[in-house]
Amino acid sequence: MTLLDIETERDELARELVRAAGALAAAGVTADTVLARPDTGLAAGTRARLAELTRPPAPGVGYRVVKGLFAAFGEQGPTATHWKDVDRARTARFDLGLTLVAALHGEVFGWENQQDGHIVHNILPAPGYETVQVGGSSIAPLTWHTEDAFHPDRADFLLLACVRNPDGVGSRIATTGAIGLSPEQVAALSEPKLVIFPDASYEDDVAGGRASQGMATLWRRDGELCLRYDPTYTRLLGPDDDFEQAYADLGRRLDETSVMVPLSDGDLLIIDNDVAVHGRGSFQARYDGTDRWLKRVLVRAPRTRPAAEQHEHGFNQLQVRAV
Ligand SMILES: [Fe+2]
């Protein structure tokens, strides 16, 4: 396929997605209810082509970008100053389109305690959160993290669709493929020596006082090195010099090998949450309706994770799934 062919294919599929989402929205269907329906209005052939266009990153790659797929949804209104204030009726078609694409790659879910349990999360800067390590931050860079690293059923893939990013604030990505740790360091980091707690975007205070079991930072699936990492919300279970040294080296290597992924309006960023960690540079929010705005959907794919994770309590955070 030439670049022109790819763009033609993308534009055709984008039109189909807008059409299907428009029909669903007109019928009162939302991103929270669409996956419970037997028919989403996308033909099987269109679904297959969309699945190929938005396919997850190849093993070891960690992320990929589909340029401009959501541009066809047009203007979404001003950026709100809190996720609660997003006009969900106005963005219903965009949200439906993103959810339909996400559902091609696994089971789409949200969290009861995050953004009122909605399937589509709005990531935008919010007054008062400028320096907090959550998606509503701005002045403080968002540090490396695996999305929802605290939970054994965290997403396999994140889909981030860019509504607007007028200042070109980059999303940072680092993957395990390039970290180059020694076998001894990988072995040390594969031991369950720490606990990762839920971040501050979860409404309940679930972090305090619960008995916790250890979590491993690295493991392998089919030979591929996988990562579970969120140092901001991590507590070591005990002093361990070798582990702490390896953990510090891992952080340094992620910094050194990271890439800045530019996102423009309508771009779709797909992140493999087991292979890549992500973050964001700092920026100055204006709160005038023009700030950076991403929409996020979480997907669980039928892949295996270490057996030890199956016994974790996940801090009692419950997922919302379409049934
Ligand atoms: Fe994140």
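**The iron site and beyond**

Modeller: Happy to. The iron ion is held by three donor residues, H145 (NE2), E147 (OE) and H278 (NE2), at 2.1 to 2.2 Å. Bear in mind that this is a predicted model.

Colleague: Thanks! How are the donor residues of the iron ion spaced in sequence?

Modeller: The pattern reads H-x1-E-x130-H. H145 belongs to strand β4 (residues 142–145) and H278 to strand β13 (residues 276–280), so this pair ties together parts that are 133 residues apart in sequence.

Colleague: And H145 and H278, buried or exposed?

Modeller: H145 is buried, and H278 is as well.

Colleague: Okay, switching to helices. How many residues of α3 are buried?

Modeller: In α3 (residues 92–102), 10 of the 11 residues are buried, which leaves the helix mostly covered. Among them are F94, D95, L96 and V101.

Colleague: What covers the buried residues of α3?

Modeller: The cover includes the helices α1 and α2, together with the strands β2 (107–111), β5 (157–164), β12 (268–272) and β14 (293–300).

Colleague: You mentioned α2. Where is L50, and what is it in contact with?

Modeller: L50 sits in helix α2, which spans residues 44–53. Setting aside neighbours within four places in sequence, L50 is in contact with L13, L17, L42, V101 and L104. V101 is also one of the buried residues of α3.

Colleague: Why does L50 count as buried?

Modeller: Because its relative accessibility is 0%, and buried means under 20%.

Colleague: New topic: aromatics. How many aromatic pairs does the structure hold?

Modeller: There are nine aromatic pairs in the structure. In one of them, the ring centres of F73 and F94 are 5.7 Å apart with the planes at 55°, so that pair is tilted. F73 is in the loop between β1 (63–66) and α3, while F94 is in helix α3 itself, so the pair ties together parts that are 21 residues apart in sequence.

Colleague: What are the relative accessibilities of F73 and F94?

Modeller: F73 has a relative accessible area of 2% and is buried. F94 is also at 2% relative accessibility, so F94 counts as buried. There's another pair I'd point you to: the rings of F150 and F315 have centres 6.1 Å apart and planes at 70°, so they are edge-to-face.

Colleague: Where do F150 and F315 lie?

Modeller: F150 is in the loop between β4 and β5, and F315 is in the loop between β14 and β15 (319–321). The pair links distant parts of the chain, 165 residues apart. F150 counts as buried at 2% relative accessibility, and F315 is buried with a relative accessible area of 1%.

Colleague: Which residues do ring pairs link into a cluster?

Modeller: The cluster is made up of F109, W111, F150, F197 and F315.

Colleague: Last one, I promise. Which residues form a nonpolar patch on the surface?

Modeller: M1, L3 and I6 form that patch, and together they have about 360 Å² of accessible area. M1 is in the segment before α1 (3–26), and with 74% relative accessibility M1 counts as exposed.

Colleague: Great, that's just what I needed!

Methods:
Residues are numbered from 1 along each chain as its sequence is written. This is a predicted model: local features need pLDDT of at least 70, side-chain atom pairs count only at pLDDT 80 or more; totals for chains, interfaces and linings use all residues. Side-chain values use heavy atoms; hydrogens and water are left out. Patches are made of residues with over 30% relative accessible area and no salt bridge: like charges are joined within 9 Å, nonpolar side chains (Val, Leu, Ile, Met, Phe, Trp, Tyr) within 5 Å. Accessible areas come from the Shrake-Rupley method with a 1.4 Å probe; for residues, only the protein chains shown count as cover. A salt bridge is a side-chain nitrogen of Lys or Arg within 4 Å of a carboxyl oxygen of Asp or Glu. Helices (H or I, at least four residues) and strands (E, at least two) are DSSP runs, numbered from the N terminus. Buried means under 20% relative accessible area, exposed over 50%, partly exposed in between (1.4 Å probe, protein chains only). Contact means heavy atoms within 4.5 Å. Donors are N, O and S atoms within 2.8 Å of the metal (3.2 Å for Na, K and Ca); water is not among the atoms, so sites may look incomplete. Rings of Phe, Tyr and Trp (its six-membered ring) pair if their centres lie within 6.5 Å; planes under 30 degrees apart count as stacked, over 60 as edge-to-face and the rest as tilted.
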